[in-house]
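Dear colleague,

I am passing the structure below on to you, and I would be grateful if you could look it over alongside the notes that follow.

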Amino acid sequence: MNGNTEPASTLPMVLFICTGNTCRSPMAELCFAGMLKGKVRCVSAGLYAFDGEAMSGNSLAVLAENGIDGSMFRSQSVTYDLVRESSLILTMTASHRRELLMRVPEASEKCFTLLADADVSDPFGQSTGVYRETLAEIRRGLEKWKEFFEI
């Protein structure tokens, strides 16, 4: 159970998608979960993820700077069940959206890019400063999607 009276499984689910599920999508997942405080289930996955990987060190560091603990996070591959169960799917790039819709075309009405006018930059392997910039992009996008849940 979360802070609401509803079991987590009855809450709408937002699925965040990136490539490896160790940088962008987990940062989005954990940030949005904090912003919406138990009003939705937030999950992330990667199109080419290895299940069980820890979040990248720089992602963990940047989240920690913002009071978010990502130490328990583990990556997972996107599955048909995750897509089916999702109320909303937000991809980090237009190419992620295209790839996901090639795999699961019926998700087209609930799948969007996080930023309407740009891709979220991939910070993988770069400096902590680049990760901070990526987190700022993610947060900017998340602020707009909060309205989807009328919060």
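E143 and K146 both belong to helix α5, where they sit three residues apart, about one turn of the helix (helices are DSSP runs of H or I with at least four residues, strands are runs of E with at least two, and both are numbered from the N terminus). An α-helix has 3.6 residues a turn, so residues three or four places apart point the same way. The side chains of E143 and K146 form a salt bridge at 3.7 Å, N to O (a side-chain nitrogen of Lys or Arg within 4 Å of a carboxyl oxygen of Asp or Glu).

Please bear in mind that this is a predicted model, in which local features need pLDDT of at least 70 and side-chain atom pairs count only at pLDDT 80 or more, while totals for chains, interfaces and linings use all residues. Residues are numbered from 1 along each chain as its sequence is written, and side-chain values use heavy atoms, with hydrogens and water left out.

The search of the whole structure finds six salt bridges. One of them joins D122 and R24 at 3.5 Å, N to O; D122 lies in the loop between β4 (111–113) and α5, and R24 in helix α1, so this pair ties together parts that are 98 residues apart in sequence. R24 is buried, at 4% relative accessible area, whereas D122 is partly exposed at 41% (buried is under 20%, exposed over 50%, partly exposed in between, with a 1.4 Å probe and protein chains only).

Helix α1 covers residues 24–36, and 11 of its 13 residues are buried. Just after α1, K37 takes a positive phi of about 40°.

With best wishes

Notes: Expected span 1.5 Å × (residues − 1).
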